[in-house]
Amino acid sequence: MKSAIYPGTFDPMTYGHLDIIKRAANIFDEVVVSVLDNKEKTPLFSVDERVNILKEATKELPNVKIESFGGLLSDYCKEKNIYVVVRGLRAVTDFEYELQMSQMNRKLSDNKLDTVYFNTSLKYSYLSSSSVKQIAQFGGDLTDFVPEFVALKLYSLYGQNK
Ligand code: PNS
């Protein structure tokens with residue numbers, strides 16, 4: 001069975017992430033989407049909330065599992081015995097960071113870990129969790145960016161009456 005891990009912050013998951021998850025799930029037998037529990041960052045949503053959002057959004061995808069992890073991605077991959085990492089590339093500006101991360105993960109895993117990139121679908125190429133949060137803060141329309149239940153959570157967190 002060929003498995004892959006799709007790690008990320010997912011604060012919150014957007015349709016761009018969901019698109020990558022679906023496409024990866026068409027290629028791999030199993031995709032483990034894993035939310036980073038990063039003590040250095042202060043995300044809007046807790047790890048549990050981010051995990052629950054992903055679980056709800058992927059409930060129709062039988063080969064997708066949602067988890068969380070802390071520490072190094074390479075250690076987590078070793079623990080799970082999965083050595084393929086999935087990441088999305090929106091634009092060339094993402095590439096430098098992604099390449100560096102991929103090389104570092106490979107080094108940290110004794111050359112076992114490979115990163116597979118999916119070009120983000122054009123319609124989501126401008127989309128990010130940060131921009132979604134900004135739009136929510138000012139009560140903007142999130143219809144094309146996140147599922148409705150996520151939009152409602154965002155509006156409520158930002159005190160928007162929607
Ligand atoms: O959604 P993001 O914020 O772009 O995801 C970044 C993520 C979670 C994939 C990355 O920060 C990560 O893997 N962090 C774990 C720490 C780690 O392994 N660092 C070493 C590789 S540079």
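Is Tyr6 buried or exposed? I began with this residue in the predicted model, and I found Tyr6 buried, at a relative accessible area of 4%.

**Entry 1. Aromatic pairs**

I then turned to Tyr15 and Tyr124, which form a tilted pair. Their centres are separated by 6.5 Å, and their planes make an angle of 40°. Which parts of the chain does this pair link? I located Tyr15 in helix H1, residues 15-27. Tyr124 belongs to the loop between strand S5 (114-119) and helix H5 (129-137). The two residues are 109 residues apart, and the pair thus links distant parts of the chain. For accessibility I noted 23% for Tyr15, which counts as partly exposed, and 12% for Tyr124, which is buried.

**Entry 2. Ligand**

Which residues are closest to the ligand? I listed Thr9, Leu72, Leu73, Arg87 and Asn105 as the closest, within a shell of 13 residues. I next examined contacts to oxygen atoms of the ligand. Thr9 places a polar side-chain atom 2.5 Å from a ligand oxygen. Arg87 also uses a polar side-chain atom, at 2.8 Å from an oxygen atom of the ligand. Leu73, by contrast, contributes a backbone N or O atom, which lies 2.8 Å from a ligand oxygen.

I recorded an exposed area of 560 Å² for the ligand taken alone, of which the protein buries 74%. The site of the ligand is the largest pocket. Strand S1 (3-8) and helix H4 (92-108) are the elements that give two or more residues to the shell. Helix H4 provides the largest share of that shell, with four residues.

The side chain of Asp94 reaches the backbone nitrogen of Arg90 at a distance of 2.9 Å. Asp94 is buried, with 14% relative accessible area.

I then looked up Thr58, which is placed in the loop between helix H2 (47-57) and strand S3 (64-69). What does the side chain of Thr58 reach? I found the backbone oxygen of Leu54 at 2.7 Å from it. With a relative accessibility of 4%, Thr58 counts as buried.

**Entry 3. Backbone geometry in loops**

I checked the peptide bond from Asp11 to Pro12 and found it cis, with omega near -5°. Pro12 lies in the loop between S1 and H1.

Asn81 lies in the loop between helix H3 (73-80) and strand S4 (84-89). Its relative accessibility is 59%, and Asn81 is therefore exposed, the value being over 50%.

Asn111 likewise has a positive phi, of about 65°, and is not a glycine. I placed Asn111 in the loop between H4 and S5. Asn111 is exposed, with a relative accessible area of 52%.

**Entry 4. Ile135**

I finished with Ile135, a residue of helix H5. Is Ile135 buried, partly exposed or exposed? I read a relative accessibility of 27% for Ile135, and this residue therefore counts as partly exposed. I also took the separation of the C-alpha atoms of Ile135 and Leu152, which is 12 Å. Along the chain, Ile135 and Leu152 are 17 residues apart.

How values were computed
Residues are numbered from 1 along each chain as its sequence is written. This is a predicted model: local features need pLDDT of at least 70, side-chain atom pairs count only at pLDDT 80 or more; totals for chains, interfaces and linings use all residues. Side-chain values use heavy atoms; hydrogens and water are left out. Buried means under 20% relative accessible area, exposed over 50%, partly exposed in between (1.4 Å probe, protein chains only). Rings of Phe, Tyr and Trp (its six-membered ring) pair if their centres lie within 6.5 Å; planes under 30 degrees apart count as stacked, over 60 as edge-to-face and the rest as tilted. A residue is near a molecule or strand if one of its heavy atoms lies within 4 Å of it. A polar contact is a pair of N or O atoms within 3.5 Å; within protein, one must be able to donate a hydrogen and the other to accept it, and residues adjacent in sequence count only if both atoms are side-chain atoms. Accessible areas come from the Shrake-Rupley method with a 1.4 Å probe; for residues, only the protein chains shown count as cover. On a 1 Å grid over the protein atoms alone, a cavity is a set of points where a 1.4 Å probe fits but cannot get out, and a pocket is an open set with protein on both sides within 12 Å along at least five of seven lines; lining residues have an atom within 4 Å of a point. A molecule sits in a cavity or pocket if more than half of its atoms lie within 2 Å of its grid points.
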